[in-house]
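I opened my notebook to get to know this structure.

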Amino acid sequence: MSDVHATVEMVPGFANPAIVVCLVGAVVFGGVAGVKRRRKSGGREGSVAANSARA
């Protein structure tokens, strides 16, 4: 047996913040895509403004 108790990190320190940034980015991009899709399809809230701009 060895008396040396060295700790070894299996995951580097930058991995956890990078995962959080990627997840937040995915949620933001998904939200932007949803808003654009709703506006393009003439959703309830955006349809009046979109139709008045075309007239």
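I began with helix H1, residues 15-41, in this predicted model. How far apart are its end C-alpha atoms? I found 39 Å. With 27 residues at 1.5 Å a residue, the helix should span 39 Å, so the two values agree.

Next I looked at what comes after H1, and found Gly-42 there. Its phi is positive, near 80 degrees.

Then I stepped back to the whole protein. I counted two helices and zero strands. Of the 55 residues, 4% are buried. The accessible surface comes to about 5400 Å², and carbon and sulfur atoms account for 65% of that.

Which residues make a nonpolar surface patch? I noted Val-20, Val-24, Val-28 and Val-32, with a patch of about 320 Å².

Terms used. Residues numbered from 1 in each chain as written. Predicted model: local features only at pLDDT ≥ 70, side-chain atom pairs only at ≥ 80, totals over all residues. Heavy atoms only, no water. Helix = DSSP H or I, 4+ residues; strand = E, 2+ residues; numbered from the N terminus. Expected span 1.5 Å × (residues − 1). Buried < 20%, exposed > 50% of the residue type's maximum accessible area, 1.4 Å probe, protein only. Areas by Shrake-Rupley, 256 points an atom, 1.4 Å probe, with all protein chains shown as cover. Patch = residues over 30% accessible without salt bridge, like charges linked within 9 Å, V, L, I, M, F, W, Y side chains within 5 Å. Salt bridge = Lys/Arg side-chain N within 4 Å of Asp/Glu carboxyl O.
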